[in-house]
Amino acid sequence: MDFSSLLKADNPYKFFFLTGAFLIVFSLYYPFEQRQEIELKKNNVDLIYTKLSIEAKYLSEEIKINKDKSFLLIQSLDSLINVKKAHPKKSKTISDIINKKKNEFNDLFDKLQLKEYNLNIKSIDAEYKKSEIDIYEKYLKRFRLFSYVIIAVGLFLFIWGGIKWFKEHKMRIEKEFA
């Protein structure tokens, strides 16, 4: 059998038949490949989003702990100030302790501000990654729709072109033998 005669588009119905066959094969391969690539990207982004969410949660808990510590430090400073007022003779020692507590509080406050800043950055990154996931999901829906439309068009062309080509080819053969 000579396959080169099959590939010649001497008949428009054969052309439609072959185009339909190509569209079916194309719609099964290309959108699948694209969906797979998008799914992989979506999974990677989802992983990053999950990690960022966990980091943000950890930072949030750490900030809460540091705020509690700072509250305790403020209370201890207040009580030391009251002790200093009640015992002026121990003023020097208490002042040293107060200064030490103030420095400790300032260090804790600086760390707290840095952690809050990092938390805000992680939250922004997480929200960005979440929106990226939404975009990938929209792409997936579009590729599914694209795939279904191309399959439908390809099936129509394949069946309609095949039937018409077969009928025309059958009539040509009948005319030749008649």
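Let's start with Tyr13: its relative accessible area is 23%, so it counts as partly exposed (buried is under 20%, exposed over 50%, and partly exposed in between, with a 1.4 Å probe and protein chains only). This is a predicted model, where local features need pLDDT of at least 70, side-chain atom pairs count only at pLDDT 80 or more, and totals for chains, interfaces and linings use all residues. Residues are numbered from 1 along each chain as its sequence is written, and side-chain values use heavy atoms, with hydrogens and water left out.

What does Tyr13 pair with? Its ring partner is Trp160, and the two link distant parts of the chain, 147 residues apart: Tyr13 sits in helix α2 (residues 12–86) and Trp160 in helix α3. Helices here are DSSP runs (H or I, at least four residues), numbered from the N terminus. Trp160 is partly exposed too, at 31% relative accessibility.

The structure has 9 aromatic pairs. Rings of Phe, Tyr and Trp (its six-membered ring) pair if their centres lie within 6.5 Å; planes under 30 degrees apart are stacked, over 60 edge-to-face, and the rest tilted. Here are two of the pairs:

| Pair | Centre to centre | Angle of planes | Type |
|---|---|---|---|
| Tyr13 and Trp160 | 5.5 Å | 80 degrees | edge-to-face |
| Phe15 and Phe16 | 6.1 Å | 55 degrees | tilted |

Phe15 is partly exposed at 45%, and so is Phe16 at 27%. Ring pairs join Tyr13, Phe15, Phe16, Phe156 and Trp160 into a cluster.

Over in helix α3 (residues 91–177) lies Leu155, partly exposed with 38% relative accessibility.
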